[in-house]
Amino acid sequence: MRLVTPLTLLLIFLALSPALAQKTVEHYPSGEKKYQGRMADGKKIGTHTYWYENGQKKKQEKYNENGVLVRLREWNENGELTKDEKPEELMARMRVEQFAKMNWIELPEGVSFYKIKGNNSPKTSSDLTNYIVHYAIYLEDGTEIESSLYSNTPIPVNLEKHNMIDGFVIGLKHFNEGDNGFIKIPHRLAYGSEGTKNIPAYSTLVFQVIVMKAE
C-alpha cells in the first residue's frame with residue numbers, strides 16, 4: 001500500500017483550497033504602523049485597521065467574506081470614537097424600499113424584471129446567446145449575497161449552455177447590451193428547498209444585472 005506523505009497532503013489541501021488571503025501592512029516613515037488588512041480574490045475581507053502616526057487607532061473597517069462593508073468605526077487623534085456605523089444594514093433597508101417601488105414586469109414563467117436603463121418590455125424573440133455581465137445577488141430583505149463588482153470580474157453567460165440557475169437565464173433573455181436592471185426569481189427557479197451556504201431555503205432572489213456585452 002502506498003503511503004500518503006504529509007507533503008502530499010499539504011499539496012492536495014492547497015490545490016483544493018480557495019485562493020489564500022493576502023495580508024498587507026503599511027508603516028509611516030517613523031516606523032509606526034499605518035494600515036493593516038487582508039485581500040482575497042481582489043476584494044477586502046476581514047478587519048482593515050488604520051492608525052494615526054502617533055499610534056492611535058484612526059479607522060477600522062470590517063468586511064464579510066463577500067467583500068461587503070458591514071461595520072465602520074472612526075476615532076479622532078485623542079482616541080474618542082466619532083463614528084460607528086453598519087453601512088450594509090442601511091443599504092439593505094434602502095434596497096427593500098427600492099425593490100418595493102419598482103414596476104416589475106412579470107414573465108409567464110414566474111420571473112420578473114425591471115430595468116433602470118433599457119426597455120421595460122418583454123422580448124417576443126431574440127437571437128442573443130452570449131452575454132458578459134456584472135451582477136449582484138440580493139435576498140428580498142435586501143441582504144447582499146454576492147457581487148462581481150468588488151473584484152471587477154464580469155462573468156460570461158451562454159443561454160444555451162449555461163451553468164446558472166434557470167430563473168436568471170429566463171430573465172436575462174429580455175436584456176440587451178447596455179441594459180442595467182433587476183431580475184426577481186422565485187425559489188423554485190433559484191435554489192429551491194435546499195438553498196446554499198449563504199442562501200436560505202425557499203428564498204426569492206433579486207439579481208442586479210449590468211450587461212457589458214450581448215451577441
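Tutor: pLDDT is the predictor's confidence in each residue, from 0 to 100. The protein here is a predicted model; local features need pLDDT of at least 70, side-chain atom pairs count only at 80 or more, and totals for chains, interfaces and linings use all residues. Residues are numbered from 1 along each chain as its sequence is written, and side-chain values use heavy atoms, with hydrogens and water left out.

Student: What does the protein average in pLDDT?

Tutor: The average is 89, and 91% of the residues score at least 70. Among the elements, which are DSSP runs numbered from the N terminus (helices: H or I, at least four residues; strands: E, at least two), strand β12 (residues 180-185) has the highest mean, 98. Helix α1 (residues 6-16) has the lowest, 41.

Student: What makes residues 1-18 a stretch to read with care?

Tutor: Over residues 1-18 pLDDT stays under 50. The model has 2 contacts (heavy atoms within 4.5 Å) for this stretch beyond four places in sequence. Where pLDDT is low, the predicted coordinates should not be read in detail.

Student: Why is D41 called exposed?

Tutor: The relative accessible area of D41 is 51%, therefore D41 is exposed. D41 belongs to the loop between β2 (33-40) and β3 (43-51). Phi of D41 is near 55 degrees, a positive value in a residue other than glycine.

Student: And why does Y202 count as exposed?

Tutor: Because Y202 has 55% relative accessibility, Y202 counts as exposed. The loop between β12 and β13 holds Y202. Phi of Y202 is near 60 degrees, again positive in a residue other than glycine.

Student: How do you know that β12 is mostly covered?

Tutor: Of the 6 residues of β12, 5 are buried.

Student: What makes β8 and β12 a pair?

Tutor: Two strands pair if DSSP finds at least two bridges between them. β8 and β12 have 5 bridges, in the antiparallel sense; in one of them, S112 has K184 of β12 as its partner. β12 is also joined to strand β13 (residues 205-214) by 6 bridges, again antiparallel, and N180 stands opposite I210 in β13.

Student: How do you know which residues line the largest pocket?

Tutor: On a 1 Å grid over the protein atoms alone, a pocket is an open set of points where a 1.4 Å probe fits, with protein on both sides within 12 Å along at least five of seven lines; lining residues have an atom within 4 Å of a point. For the largest pocket these residues include D41, K43, N66, Y135 and E146. The lining divides into 3 nonpolar, 5 polar and 3 charged residues, where Ala, Val, Leu, Ile, Met, Phe, Trp, Tyr, Cys and Pro count as nonpolar, Asp, Glu, Lys and Arg as charged, and the others, Gly among them, as polar. The pocket holds about 200 Å³ of space, a volume being the space filled by probe spheres set on the points, which are joined across faces, edges and corners.

Student: What volume has the second largest pocket, and what lines this pocket?

Tutor: The volume is about 160 Å³. Y135, I137, M164, Y191 and F207 are among the lining residues, and by class the lining has 8 nonpolar, 2 polar and 2 charged. β9 (130-139) and β10 (144-147) each supply at least two of the residues.

Note on methods:
Buried means under 20% relative accessible area, exposed over 50%, partly exposed in between (1.4 Å probe, protein chains only).
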